[in-house]
Amino acid sequence: MQKLSRADKSLSQKKRRYLPNPRVLGLIGFGILVLLSVANPIAAQIGNRGVGNRWNPEVRGTLSSEWAGFVADGSTQKWDTVLDPELSLDLGEWGRFTSIARLRIDPVEKLEPGDSAKNSSSRGYGNRRQFVGDTTDLELREFYIDVDIGDIYLRAGKQQIVWGEADGLRVLDLINPQSFREFIVSDVESRRIPTWSLNLEIPMSTITTQIVWIPDHTYDESVSANSQFAFVSPQYSLVLPEGAVASGAVVIEPVNKPDQLLSDDDFGLRLSGFNKGWDWSVNYLYHYFDQPVIYRRIDTNNVLRLSPEYERTHVLGFSGSKPFGKVTVRGETAFSSNRFFNTTEPEDNDGVFSTGELGYVVGLDYLPDGETVVSTQVFQVVLLNPVPGAARETVDTTFSLRVSREFMNDTIVAEAQVIASAQGEDGVLNLDLSYQLRSELELTFGVDTFFGKKEGLFGQFEKSNRVSAAVKYSF
Amino acid sequence: MKKLNVKRTIMTLGLCLLPVTLLAEDASTMSGLDIMQMVDQREDGEHVTRRFKIQLTDKSGVTREQDTIGYRKYIGDVKKNILFYTEPTNVRGTGFLTFDYDETSKDDDRWLYLPALRKVRRIAASDRGAYFLGTDFTYEDISNEQKVTLSDYQFNATGKVSVDGVEVIVVEGIPMDESVSKELGYSRVVWHVDPKGWMSLLTRFYDINGTHLKTAKLEEIQEIDGILTATKIHIENHKTLHQTRLIFREVDYKTPIANSLFKQNRLKRGL
């Protein structure tokens, strides 16, 4: 069988004639941020002189450095230094402006080796990272204004919008795409890719209506085949039928990426409320699924052509949570009208199979005392029709268990989490210990261990098992 | 039209009348329950906005400081509180919302927003004796704001002593039963109530084994907008030798607070 990893599918983008260079735009944004950062102490001095400090600029941020080494041989997997400066301005009756940038330097180059990340086509206009060499990247993470119009609230700009109740596993949390740079072992905040969006919240009696418009065509950011966390399992890679093309010639077409304003944008609607002790929400999202599906065809020259495309789906779901004594029950479910999968069936004309999908998660959080949390989740995805000739199971079940405990007035937090797949008999174990040495200084130690079948979602990364240590300074 | 909170109005009227009654009799003739009822009915305003600094000092003397802004409002029979951490950066954006119900059999509702997760999490509220976000105050201590849930204890006035030159009435409270004791984490609480303002200037807490666990002291009391307000509170845990000091400023009982502030969605936005 011929096998292509997901990263091989990421190809050059279509040229966008009507848009200015996003690199220039990103650099201008970053420059503004730096200038405003410098302006803060100056503004403070002016304020002290009594001239006034109209925008009340605030600059803060974090500087962190994390080392991770392979469990197998102790060699270095990453040693990144990350600066996240944040600027906020008070716009008076106009609201508040917030901007968060990120500068990351990782000279080890095992997570995104060479220039692989530069060539990624998954990011949309105005959402691309800027690279300095192969080891440094700059990103405008968030850039938005908050405006209150009476009781109506608007956040416009680059932001994260989070739906759902699940931890670590995504059912309703579909608005922002994800980065797979470190699969799921980096923190959630870093994995989620903020997108340019409009988020409107309108309270009406006891119900709040949220309307979301996402004109940013950014999708999941996969990594190249030579990256440490590249998907290698057949279940998560494209597998072509045996003898798909007699000549053996295969051409990978450029990604057919949605690029039309409005007609290709994502839209969401959420109603939420609090009744009889229940927090609830009903969610609808009309969006492009964040990973492309690969269409195949054999042309007149007997060449197999593979065309990656993003496909749209309607998602309808709901979530709820309520405590019962020391236990909080929470859950969410989502039905996707169409999910697209590659099939190895030779008879299939385009190699793509579509079916509805139901996903849900039920979680219990138990607080035996004020310092300890025991949290467990069952996560299940059910395909309404089996995918012919695919390794994908019709029912996919995952369990998670997290135990965390705080010590010494919350200055020390120890946490253990295991996520295990029922089908693949594989999983991942994360152990974390953090110590708040001072208000501005935190030390963290961790172990991330993948185990089980190498064909499984988690087991395929067993070679990446690692220990880590990090220091984070807040200012 | 503003709804009239009948229960609170009756309580306020009662407070206005009671001191007159009490002047006529010696406060020392009051029972422990009478005294703690006065403490519980002390005027604390229909709503309040305040900033407060949390100083956390460990046994080696290292102090961490956190700044917050909090709002509290009685809406119907529910006391609603929302709190946002503003400093330092590592906790900034953390938000905490509580609904405290008059009905004692009904657990409070609590939500916590952690910026790192970008999610509002529902928290079980049955464990009232759990410590509040790294401080030496329990959720119950924080929620009651120097008051007491009367149905939790049997009270007994044991005499008068002097605290920092102020004559106070000593009231001992024993939890009603074992389950309340376990829930609160106390086997006994001793209040030192100043009958002039009906505040406990000094409170000693004993753990479920009877060991002296904590001592809370009101270090500063001010009259703000006509309401007696503890503006500096210190508490020390004698087991861990950890201390917490709350320093209140910009306390405002007058500026109206919109009901819409006390919503789960608001936690995500911060201030």
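This is a predicted model: local features need pLDDT of at least 70, side-chain atom pairs count only at pLDDT 80 or more; totals for chains, interfaces and linings use all residues.
Apart from its neighbours within four places in sequence, A:Gly389 has contacts with A:Thr343, A:Thr344 and A:Glu345. Between A:Gly389 and A:Asn283, which are 106 residues apart along the chain, the C-alpha separation is 33 Å.

## A three-strand sheet in chain A

Chain A contains an open sheet of three strands, ordered β11-β15-β14, with mixed pairing. The edge positions belong to β11 (250-252) and β14 (293-298) of chain A; each has a single partner strand, so one side of each lacks a neighbour in the sheet. From one strand to the next, the twist averages 25 degrees.

In general, the strands of a sheet pair through backbone hydrogen bonds, in a parallel or an antiparallel manner. In chain A, β14 and β15 (residues 304-309) run antiparallel and are joined by six bridges. Within this part of the sheet, A:Tyr295 has A:Ser307 of β15(A) as its bridge partner.

## Chain B

The secondary structure of chain B comprises five helices and 13 strands. Chain B has 271 residues, of which 36% count as buried.

Among the contacts in chain B with a separation of 6 or more, 45% are between residues 24 or more positions apart.

Definitions and conventions: Residues are numbered from 1 along each chain as its sequence is written. Chains are lettered from A and ligands numbered from 1 in the order in which they are written. Two strands pair if DSSP finds at least two bridges between them. Helices (H or I, at least four residues) and strands (E, at least two) are DSSP runs, numbered from the N terminus. Axes are lines fitted to C-alpha atoms, for helices over the stretch in contact, and angles run from 0 to 180 degrees between N-to-C directions. A residue is buried if 20 or more other C-beta atoms lie within 10 Å of its own, exposed if 12 or fewer, and partly exposed in between; C-beta atoms are placed from the backbone. Two residues are in contact if their C-beta atoms, placed from the backbone, lie within 7 Å.
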